[in-house]
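User: I am new to reading protein models and would like to go through one step by step. Could you help me with a few questions about it?

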Amino acid sequence: MKEIKWGLVFAVAIIIWMLIERASGLHSDNIEYHAIVTNLFAVVAIVIYILALRDKRSSLPDGKMSWRQGFVSGLKISVVVAVLSPLVQLLVHSVISPEFFPNMREYAVTSGMMSETRANQYFSLLTYSFQSAVWALGMGVITSAIVAVFLKRQ
């Protein structure tokens with residue numbers, strides 16, 4: 001199933017992005033820029049959805065895909081990404097960048113963004129796992145709907 005393949009591609013892209021963030025100091029020395037730079041992953045995410053739905057369209061008879069077919073395919077990808085999100089977060093925060101949560105908590109408190117109690121609650125594996133799964137579904141729905149409009153071919 002193409003949607004599983006592209007969900008896995010998306011998960012690998014997240015892992016590579018996290019490696020790049022860590023290597024560029026966004027999880028340590030340059031943590032103050034993390035909130036801004038991490039949003040650039042949206043470009044990568046959109047490109048992956050475009051490639052995925054083009055792949056789906058090319059596998060259909062005569063290369064014809066309705067908006068609904070593209071949207072449903074994108075939704076399936078989103079579900080795969082959401083299901084994989086907790087595992088990806090576990091890998092990222094235990095292997096790739098175990099210092100991220102302590103560094104982010106310290107930055108949030110010292111910069112006055114959050115109290116220590118709030119920072120401890122917010123910057124945790126459980127919270128990030130939940131947020132990443134919900135975000136994957138929510139943004140996946142929106143991205144799928146928009147990309148399917150441009151890639152439909154009747």
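User: Which helices each supply at least two residues of the lining of the largest pocket?

Analyst: This is a predicted model, and its chain has seven helices and zero strands. The largest pocket holds about 1,100 Å³ of space, and 38 residues line that pocket. The helices that each supply at least two residues of its lining are α1 (2-23), α2 (34-37), α3 (41-59), α4 (67-96), α5 (100-110) and α7 (125-151).

User: How do α4 and α7 run relative to each other, roughly parallel or roughly antiparallel?

Analyst: Two packed helices are described by the angle between their axes and the distance between the axes. For α4 and α7, the axes lie 8 Å apart and the packing angle is about 160°. Because angles over 145 degrees count as roughly antiparallel, the orientation of α4 to α7 is roughly antiparallel.

User: What is the handedness of the crossing where α4 passes α7?

Analyst: The residues in the contact of α4 with α7 divide into 17 nonpolar, ten polar and no charged. As for the way in which α4 passes α7, the crossing is right-handed.

Technical notes. Residues numbered from 1 in each chain as written. Predicted model: local features only at pLDDT ≥ 70, side-chain atom pairs only at ≥ 80, totals over all residues. Heavy atoms only, no water. 1 Å grid on protein atoms, 1.4 Å probe; cavity = no way out; pocket = protein on both sides within 12 Å on 5 of 7 lines; lining within 4 Å. Points joined across faces, edges and corners; volume = space filled by probe spheres on them. Helix = DSSP H or I, 4+ residues; strand = E, 2+ residues; numbered from the N terminus. Axes fitted to C-alpha atoms, helices over the stretch in contact; angles between N-to-C directions. Parallel < 35°, antiparallel > 145°, perpendicular 65-115°, else oblique. Left-handed = near helix turned anticlockwise from the far one by under 90°. Nonpolar A, V, L, I, M, F, W, Y, C, P; charged D, E, K, R; others polar.
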